[in-house]
Amino acid sequence: MDRKLVEAPAIAPEVSASAGKPNLLSVDQAVDMPLEQMNQLFVDHLNPGQLHFMKLLGFHKVKIESAEGVFYTDQNGRKILDFFGGFGSLSFGHNHPRILAARKKFQDQKRHEIAMAFLSQYAAALAHNLAAIAPQDLDMVFLGSSGSEAMEAALKVAERYQGPKKSKILFAENAFHGKTKGVLSITDSALYQSQFNLVDDVVKVPFGDLEAIRTALESDPEIGIVCLETIQGGAGIIEAPAEFWQGLRKLCDEKGVLWVADEVQSGTGRSGKFFAFEHYGVVPDVTALAKSLGGGKTAMAAMIARKPIYMKAYGKPATALIHGPATFGGIGEACITSIEALNVMYDDDLMENAESVGAYLKAQLQDLQSRYPKLIKDVRGRGFMLGLEFQDFSKTMPTVVRPALAMLDEKLKGSLSGFIGSALLRDHDVLVAFTEYNRNVVRLQPPLITTRENVDQFIAALDKVLSGGVVKIVTDFVKSQRG
Ligand SMILES: Cc1ncc(COP(=O)(O)O)c(C=O)c1O
């Protein structure tokens with residue numbers, strides 16, 4: 001066999017390879033890898049372009065050694081407060097002890113993983129739990145491993161139900177539903193869609209605009225699916241009012257259209273309720289979860305459909321296998337992880353915590369906004385799904401910093417959120433997230449276990465950064481680039 005022999009980077013200790021074994025790094029070598037080598041291997045084998053952005057923000061200098069609760073610990077023993085929360089995938093924090101214990105027990109008992117041949121008691125229990133949590137007849141569950149996969153499954157079940165003559169999908173401006181080939185067609189980003197051949201049976205309307213949806217449905221009877229994030233994440237934490245959702249439910253019922261609610265980011269308790277649509281007193285026809293459903297330890301995703309919809313799509317022996325699970329859909333330890341995570345969510349009142357401590361965080365941010373109106377434009381969202389929008393300085397950066405800015409990447413020039421995020425990590429041991437489509441928005445999605453004390457630490461750090469004013473924020477950033 002013509003096997004490519006991998007040359008270990010010079011800085012890696014050589015593995016004494018037995019004959020024919022490529023020069024593989026060991027687990028210990030992976031764990032102990034020096035930063036310099038991590039950077040190099042990222043360039044050589046993962047994503048050189050992405051490293052460019054990590055370097056701009058200073059993230060390439062950090063090696064995380066461990067993570068527990070709401071903190072990472074880096075190579076220097078520095079504890080970093082995590083208000084990024086893996087874009088919403090760390091509702092239970094890092095390495096929750098109950099979730100770890102459930103996984104360990106599963107391993108110690110040598111339980112089976114792949115469940116393609118036999119029925120899986122673990123998948124059955126997880127599906128039961130999800131059906132018990134989901135309202136009304138959202139009872140039928142498909143398990144997968146990523147949000148994109150769950151959303152693909154959501155669109156497929158809806159299309160099977162509607163049939164080919166009513167299979168067009170209506171979606172929203174600035175939507176993010178994933179990057180796999182199908183959902184990419186309704187992920188509203190010219191960058192992500194770059195020149196791929198996409199599904200063209202889609203119609204775009206502004207988010208939260210009921211009249212635009214009505215007009216679209218009335219002018220095109222082939223639209224059979226309305227797919228929306230309940231709270232737009234990638235767009236920068238954008239909500240629509242309760243009347244919109246109630247009107248949407250009514251409209252979809254009138255027109256025989258299915259409403260697919262993407263809860264990949266807003267679900268699993270993040271907004272203060274298990275599904276964000278529960279805030280509005282309405283129930284979609286199909287929904288999807290991922291991210292925190294994996295308890296911060298595994299890749300788990302679920303599509304949940306109303307029973308009659310599922311039964312029409314896949315309910316008979318002849319149709320059942322059209323959508324059978326992928327190889328790793330609903331595997332053992334992943335299901336156990338999610339089952340324990342869901343129990344922790346209710347036993348520890350995490351949604352109540354998200355609601356009350358999230359409201360506290362929002363109030364503290366609004367207080368900062370009133371003190372720094374020239375820097376903070378808006379504070380929005382609910383629970384632990386908050387957006388902090390900074391003023392756009394792209395055209396109005398103070399003249400003193402303009403020459404220094406010339407050296408920076410186009411994308412960063414007006415982006416206070418980039419400069420502030422970088423300062424928070426560099427000087428204050430706090431991690432925050434940026435937003436795909438709006439570079440002025442920082443997304444705050446800390447674990448649902450976050451306490452008021454953690455919020456106070458975050459607010460004090462942000463206050464300190466903002467109190468320096470825009471010139472200091474930018475010049476400190478530029479200095480850090482040179483240093
Ligand atoms: C609302 C929403 N839908 C779908 C996805 C895709 O999920 P994944 O990255 O797990 O494929 C994401 C990911 O960020 C998301 O935020």
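The model is predicted: local features need pLDDT of at least 70, side-chain atom pairs count only at pLDDT 80 or more, and totals for chains, interfaces and linings use all residues. Residues are numbered from 1 along each chain as its sequence is written, and side-chain values use heavy atoms, with hydrogens and water left out.

Start with the seven-stranded sheet. Its order is E4-E10-E9-E8-E7-E5-E6. The sheet is open, and its pairing is mixed. Strands here are DSSP runs of E with at least two residues, and helices are runs of H or I with at least four; both are numbered from the N terminus. Two strands pair if DSSP finds at least two bridges between them. Strand E4 (138–144) and strand E6 (202–205) each have a single partner strand, so one side of each is left without a neighbour in the sheet. On average, neighbouring strands are turned by 20° against each other, direction ignored.

Strand E5 (residues 168–172) runs parallel to E6, and four bridges join them. Ile-169 stands opposite Val-202 in E6.

Helices cover this sheet. Helix H6 (residues 121–133) packs on the sheet and touches E4, strand E9 (286–289) and strand E10 (301–306). The direction of H6 makes about 135° with that of E4. Such angles run from 0 to 180 degrees between N-to-C directions; axes are lines fitted to C-alpha atoms, for helices over the stretch in contact. Helix H10 (residues 242–255) lies across strand E7 (223–229), strand E8 (258–262) and E10. H10 runs at about 160° to E7.

The other sheet has four strands. Its order is E1-E2-E3-E13, again open and with mixed pairing. Strand E1 (64–68) and strand E13 (430–431) are the edge strands, and each pairs on one side only. E1 and strand E2 (residues 71–74) run antiparallel, joined by four bridges. Within this pair, Ala-67 has Tyr-72 in E2 as its bridge partner. H17 packs on the sheet, touching E2, strand E3 (79–82) and E13. The direction of H17 makes about 100° with that of E3.

H17 also meets a helix. Two packed helices are described by the angle between their axes and the distance between the axes. The axes of helix H14 (residues 350–371) and helix H17 (residues 452–467) come within 10 Å and cross at roughly 15°. H14 and H17 are therefore roughly parallel to each other, a term for angles under 35 degrees. Contact means heavy atoms within 4.5 Å. The H14 side includes Val-357, Tyr-360 and Leu-361, and the H17 side includes Val-455, Phe-458 and Ile-459.

Finally, some single residues. Most residues other than glycine have a negative phi. Asn-95 has a positive phi, near 50°. It is found in the loop between helix H4 (85–88) and helix H5 (97–108). Lys-291 also has a positive phi, about 40°, and is found in the loop between E9 and E10. Asn-95 is partly exposed, with a relative accessible area of 24%; Lys-291 is partly exposed at 29%. Buried means under 20% relative accessible area, exposed over 50%, and partly exposed in between (1.4 Å probe, protein chains only). Ser-148, in helix H7 (residues 147–162), counts as buried at 15% relative accessibility. Leaving aside its neighbours within four places in sequence, Ser-148 is in contact with His-177, Gly-178, Lys-179, Thr-180 and Val-183.

Definitions and conventions
Parallel < 35°, antiparallel > 145°, perpendicular 65-115°, else oblique.
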